[in-house]
Amino acid sequence: MKHILIVLTLVIWSIFPVITNATNHDQPQESIVENNSTFSALEEIKQILKESYYKQVPEDVLNAKTIEELLSKLNDPYTDYMSSEEFDHFLEMLNQNYSGIGVALDISDEAVLITNVFKNGPADKMGLQNGDIVTKVDNHVLTDQPIEVIQSYFLGKENTVITVTVKRGKKELVFSGKRETIHIPLVESKLLDGNVGYIKITSFGEETYDEFLTHLNKLNKNKATKWIIDLRSNGGGLVLPALQMMDHFIRYKEDPVLKFVYGNGEEPILLEKTNLPLNKSIILTDEYTASASEILTYALKTNQAATIMGSKTFGKGVIQASDNLSDNSLLKYTVAEVKSMNNESYNNVGITPDIELNNLFPTIKSASDQWLSFARLYQQNKTGKATLNDIKVNIAPGKKITLSNYPLLTNDLKETIQSLMAQKKVEILTKSGWVVASPSKLSSIKVKMYELGDGLYVSESNSIKYETPSKKMLVKLKKENKVAWGKTYLKKGQIGRVTILSNTPLYKLNSSGKYILQSKSLNSGKQYPVYNLKKYSK
């Protein structure tokens, strides 16, 4: 089954995203066969494939009498030909700045599937959704239509009206709107609670790496300490930005991290020396994570540099180049296959994530909302000893995460836990041990917080030992919590110290009365001064 991922925004550049070795059309070139440009193009294509295709080309392909027969026998979904007329039309559309509706499509023999609706674009305003199957554009039925024809139906001049008919479940729905010239950011980011830096990469273009660095530096300045890189619905693009990003996740080593296997040899992919890699990184993927996105994902997975989370990727583990032919037509063809250093390939198979979320959250709405929330939950996995009222989430056979302070979680994270609780995947630690959690048990959990001063709080836990300089203070604290006496020298204004027995999260209280997890934690074995020890319940 042939799948092609495309983005319909401004123009149809995504058919041939890179044009290399372009011929200078101002200089006439000798045709291989005079007065037969089609035959000339065919011979040129055969020569290119013999010299540069990523594997040996069968003789029956090289003996083909037409370009159509050659492509059919080659049976490579990523090797395509555009005639001079089609290429001229393509350039004309570029020059006239044709517009689209802001969607990414997966075009296969069976269906035209919307894989991504870009926020605030025409499709978003019209009401189209990820997962919609497009059956008609205006009055054009899409069944058995070439890819270029399907694209032409979506594209047009700015402000022209377009009507899109889709299947959504068992319903057939019709939406109308106007085409627009759309700018889709290649990279977006935001700082999430718990000092998690979230970076969404839409596509790998010429500016993607520079934009990535800009967002990375901004999040670093805002004290991000954990990372979620969202590659869902990213159909790829240029290879170079993906290779440049590897350096920020994989600890430097001299050995190659991947290799590109060409028809006449191999190219090892080496790291450049950069700063220390980003710690605690999660890569979010789905079935539309493809091409350059998969190269980055595969490198991080095979080098244990990040946790891959989501669903199995698209499975495009090959690289293409494009050549102009002497008659102004164009050939895009496969030049290399991506492989691990163990000679393994994900081409036509996809990359299986470390944690498969489509099993936990199978619906499309969950995939867009709860997958990110779950990734944030995973970043808060407690490493110390579990204490009373901690909760445990069974994320996969043999894989569990422990979370403390359920009442301190944000509402979206609580909703994610509740949806998992419906599948009996959540446990709570009671005085009798771990038991399956219920809504009533979770809602009854009360959190006790201690204010250490300067608006900083820690939760009541067996991981904290309180020390004070006077027995009077010791007696007062004994009413609330066990306190161990210890000699210590205190600075003026301090009423005591806390000694941390295991790593303990630190919180701040915002203006809405909500506790916000801070990037700084109190480290096991360390002592910290206490200025204003007060106890609160929530």
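In what order do the 6 strands of the open sheet stand? The order is S9-S10-S11-S14-S15-S18, and the pairing among these strands is mixed. The model described here is predicted.

## The chain as a whole

The protein chain has 538 residues, and 51% of them count as buried. Its secondary structure consists of 13 helices and 30 strands.

Among contacts between residues at least 6 apart in sequence, 66% join residues at least 24 apart.

## The open sheet

For S9, strand S10 (residues 196-201) is joined to it by 6 bridges, and the two run antiparallel. Within this pair, Leu191 stands opposite Gly197 in S10. Helix H7 (residues 208-221) packs on the sheet, where it touches S9, S10 and strand S11 (226-230). The direction of H7 makes about 15 degrees with that of S9.

## Helix H8 and what covers it

Is helix H8 (residues 239-246) mostly covered or mostly uncovered? Helix H8 is mostly covered, with 6 of its 8 residues buried. The buried residues are Val239, Pro241, Ala242, Leu243, Met245 and Met246.

## Cavities

How many cavities of 30 Å³ or more are there? The count comes to 3. The largest cavity holds about 100 Å³ of space.

Residues from separate parts of the sequence line this largest cavity. Asp193 and Gly194 belong to the lining, as do Gln380, Leu408, Leu409, Thr410 and Leu413. The lining also has Tyr507, Lys514, Tyr515, Ile516 and Leu517. Strand S28 (residues 515-522) gives the most to this lining, with 3 residues. By type, the lining of the largest cavity divides into 7 nonpolar, 3 polar and 2 charged residues.

Definitions and conventions. Residues numbered from 1 in each chain as written. Predicted model: local features only at pLDDT ≥ 70, side-chain atom pairs only at ≥ 80, totals over all residues. Heavy atoms only, no water. 1 Å grid on protein atoms, 1.4 Å probe; cavity = no way out; pocket = protein on both sides within 12 Å on 5 of 7 lines; lining within 4 Å. Points joined across faces, edges and corners; volume = space filled by probe spheres on them. Helix = DSSP H or I, 4+ residues; strand = E, 2+ residues; numbered from the N terminus. Nonpolar A, V, L, I, M, F, W, Y, C, P; charged D, E, K, R; others polar. Pairing = 2+ DSSP bridges. Contact = heavy atoms within 4.5 Å. Axes fitted to C-alpha atoms, helices over the stretch in contact; angles between N-to-C directions. Buried < 20%, exposed > 50% of the residue type's maximum accessible area, 1.4 Å probe, protein only.
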